[in-house]
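My notes follow in the order I made them.

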Amino acid sequence: MSTDTLQKSAPASTITQAAAGALIAAVHTAAARIGFTAAVAVTDPGGHLKAFDRADDTPFLTAEVALDKAWTAASFQTPTHAWNDYLANPKIAPLASHPRLMAVGGGYPIIDNGRCVGGLGISGGSYEQDQQAAEEALAAIGYERPVN
């Protein structure tokens, strides 16, 4: 009989509330510089909402879109803009009907020390503006830039 014990769980890596707040503030700063207002959602690695903020004059639909972008990014640990190419593949295309899958730029996994600790979703500008604000905010806080 082996003396090794079965590890039944692993310590969960998740974004802290303080880091989520700092990330939201960094997004709003980037969005203002770029020229738009945003809804910003931050999830834990399981896609559950950790923090959220929507600027006063941002349309209400942006709230749901931002959350779905964060959920999609955390779920597959890949930026949401990559999904446009993925969904062109007929073997993956059926996922397009999933109600939360958001194949629009502006969602990124939050990567810290090589591990996904959450998802970031931004909505309010064009997909290019949302994507740019996400990249700037992640860099400002010191998160790794995901590949894709």
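I began with the buried residues of α2, which pack against β1, β2 (49-54), α3 (83-86), β3, β4 and α4. The model is a predicted one, and I read it as such. I listed the buried positions of α2 as T62, V65, A66, D68, K69, A70, W71, T72, A73 and A74.

I then checked the length of α2. Just after α2, I found Q77 with a positive phi of about 50°.

Next I looked up the largest nonpolar core, which has 24 residues. I15, L23, V42, I110, L120 and I122 touch the most other members. I noted that α1 (17-34), β1 (39-43), β3 (107-112), β4 (115-123) and α4 (127-141) each supply at least two residues of this core. The most come from α1, which gives eight.

I followed I122 further. Leaving aside neighbours within four places in sequence, its contacts include A66 and K69, both of which I had listed as buried in α2. Others among its contacts are V27, F36, V40, D130 and A134.

Last, I took the whole protein. I counted four helices and four strands, in the order α-β-β-α-α-β-β-α. Of the 148 residues, 42% count as buried. Among contacts with a separation of 6 or more, 66% join residues 24 or more positions apart.

Terms used
Residues are numbered from 1 along each chain as its sequence is written. This is a predicted model: local features need pLDDT of at least 70, side-chain atom pairs count only at pLDDT 80 or more; totals for chains, interfaces and linings use all residues. Side-chain values use heavy atoms; hydrogens and water are left out. A nonpolar core is a set of buried Ala, Val, Leu, Ile, Met, Phe, Trp, Tyr and Cys residues joined through side-chain atoms within 4.5 Å. Buried means under 20% relative accessible area, exposed over 50%, partly exposed in between (1.4 Å probe, protein chains only). Contact means heavy atoms within 4.5 Å.
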